[in-house]
Number of protein chains: 2
Amino acid sequence: MKQLVFGHKNPDTDAIVAAKAYSYLLNQLGADTEAVALGEPNDETKFVLDHFSEPYPRVIAKASDEVSQVVLVDHNEHQQSVADIEDVAVSHVIDHHRIANFSTASPLYYRAEPVGCCSTIIFKEFTEHEVEVPAKLAGLMLSAIISDTLLFKSPTTTDDDIAIGKKLAEIAGVSYEEYGLEMLKAGTNLATKTAEE
Amino acid sequence: MKQLVFGHKNPDTDAIVAAKAYSYLLNQLGADTEAVALGEPNDETKFVLDHFSEPYPRVIAKASDEVSQVVLVDHNEHQQSVADIEDVAVSHVIDHHRIANFSTASPLYYRAEPVGCCSTIIFKEFTEHEVEVPAKLAGLMLSAIISDTLLFKSPTTTDDDIAIGKKLAEIAGVSYEEYGLEMLKAGTNLATKTAEE
Ligand SMILES: [Mn+2]
Ligand SMILES: [Mn+2]
Ligand SMILES: [Mn+2]
Ligand SMILES: [Mn+2]
């Protein structure tokens with residue numbers, strides 16, 4: 001039974017990447033899932049996807065016309081989710097936010113940890129299931145961690161984010177500092193702004 | 001900072017044992033926690049604790065007069081929790097039920113899996129953290145799995161419950177079938193009932 005995997009509305013890089021990463025992992029473990037998004041990627045995320053030649057995800061407005069089960073990443077609150085979230089069953093949640101306005105009719109798989117980025121938790125699941133992270137996906141997941149932790153400088157950054165970010169940079173074969181600054185710059189769109197202002 | 005760990009009101013064997021097991025694990029990992037209960041153990045749980053010479057947990061009616069943070073096992077709904085749950089922060093939840101009437105002000109560690117018993121999930125955490133389960137605690141955790149799954153016969157039983165139950169029986173050095181039937185009989189209090197009726 002096919003499932004859709006998605007992050008929150010007004011997606012940031014983690015919302016888009018965590019969906020791609022978790023969908024990949026679930027499919028490797030035998031599930032049939034598709035990573036989608038609840039909005040177009042922002043400038044930073046476009047830079048990331050273009051950099052690693054990864055297609056933009058399909059944007060959905062409703063889930064229940066396609067599937068009966070969904071997987072939430074990088075959010076849990078119903079207001080931040082798909083419009084018809086009440087009409088589908090949530091089978092998995094992977095998140096790093098507080099829990100609020102969330103409930104289910106049945107038991108589910110829910111994993112939240114107080115870390116800086118959802119993709120950090122997803123990397124742990126790859127390790128636990130002994131599934132290799134492909135180089136391109138490692139680049140995307142590193143980007144999500146850099147985005148959520150502002151290159152390991154936000155107060156929400158944990159040791160796990162740093163250690164896993166560095167591992168992902170190695171797998172992806174990029175210098176996280178150099179790439180990270182370029183990526184964050186693409187997000188703030190400094191070049192354009194300077195020209196405009 | 002000390003934390004209290006407890007299961008739901010009207011505790012069953014899993015609610016009492018999961019609190020003891022998770023408190024033990026957290027303390028091994030450096031935390032300062034105490035397993036308590038929201039009610040007296042029932043007949044089945046008394047049999048289990050007596051069998052493994054384990055003390056009955058202290059029963060609390062309030063948490064906020066002792067601690068500012070708590071850990072919930074085998075439940076998440078506020079109605080099933082301590083009376084003043086709204087006055088403390090929940091730092092961890094380990095559960096195997098649906099999520100409802102639960103919310104937090106901050107990010108937390110939340111792990112739910114759709115398995116038959118909370119103690120099954122806690123055993124996985126012991127393994128992941130490479131912490132050994134002492135023989136006596138293994139006996140208690142096996143009892144919780146037998147109780148929640150009715151000796152692997154309830155429809156909620158999963159392969160994980162069976163595999164982990166068998167491992168725990170080995171560590172505890174008991175025959176799970178023989179011990180399990182004795183334990184379930186103690187819970188239904190067949191001997192007394194037959195005499196009374
Ligand atoms: Mn996000
Ligand atoms: Mn995030
Ligand atoms: Mn219970
Ligand atoms: Mn239980």
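## Basis and burial

A residue is called buried when its relative accessible area is under 20%, exposed when it is over 50%, and partly exposed in between, with a 1.4 Å probe and protein chains only. By that rule, buried residues make up 56% of the 197 residues in chain A.

The model is predicted, so local features need pLDDT of at least 70 and side-chain atom pairs count only at pLDDT 80 or more, while totals for chains, interfaces and linings use all residues. Residues are numbered from 1 along each chain as its sequence is written, chains are lettered from A and ligands numbered from 1 in the order in which they are written, and side-chain values use heavy atoms, with hydrogens and water left out.

## Chain A overall

Chain A has seven helices and six strands; helices (H or I, at least four residues) and strands (E, at least two) are DSSP runs numbered from the N terminus. Along the sequence these elements follow the pattern β-α-β-α-β-β-β-β-α-α-α-α-α.

The radius of gyration of chain A is 16 Å, which agrees with the value near 16 Å for a compact globule of 197 residues. That radius is taken over C-alpha atoms, and the globule rule is 2.2 Å times the number of residues to the power 0.38. Along the principal axes, the C-alpha atoms of chain A fill a box of roughly 50 × 40 × 30 Å. Of the contacts in chain A with a separation of 6 or more, 62% are between residues 24 or more positions apart; a contact means heavy atoms within 4.5 Å.

## Manganese site in chain A

Donors are N, O and S atoms within 2.8 Å of the metal (3.2 Å for Na, K and Ca); water is not among the atoms, so sites may look incomplete.

A:D74 lies in the loop between strand 4 (69-73) and strand 5 (89-95) of chain A, and A:D148 in helix 4 (residues 135-149), so the pair ties together parts that are 74 residues apart in sequence. Both A:D74 and A:D148 are buried.

## Manganese sites in chain B

B:D74, in the loop between strand 4 (69-73) and strand 5 (89-95) of chain B, and B:D148, in helix 4 (residues 135-149), link distant parts of the chain, 74 residues apart. Both B:D74 and B:D148 are buried.

B:D74 bridges the manganese ion (ligand 4) and the manganese ion (ligand 3), which lie 3.5 Å apart. The manganese ion (ligand 3) is coordinated by B:H8 (NE2), B:D12 (OD), B:D12 (OD) and B:D74 (OD), at 2.1 to 2.7 Å, and its donor residues are spaced H-x3-D-x61-D. B:H8 counts as buried because its relative accessibility is 12%, whereas B:D12, at 22%, counts as partly exposed.

B:D32 counts as partly exposed at 45% relative accessibility, as does B:L29 at 43%.

Leaving out residues up to four places away in sequence, B:D32 touches B:M1, B:K2, B:Q3 and B:N27, and B:L29 touches B:H129 and B:V131.

## Pockets

A pocket is found on a 1 Å grid over the protein atoms alone, as an open set of points where a 1.4 Å probe fits, with protein on both sides within 12 Å along at least five of seven lines; lining residues have an atom within 4 Å of a point. The largest pocket holds about 810 Å³ of space, a volume being the space filled by probe spheres set on the points, which are joined across faces, edges and corners. Among its 36 lining residues, the closest to the centre are A:H92, A:L108, A:Y109, B:E113 and B:P114.

The second largest pocket has about 370 Å³ of space. Of its 20 lining residues, the closest to the centre are A:R111, A:E113, A:K124, A:E128 and B:H129.
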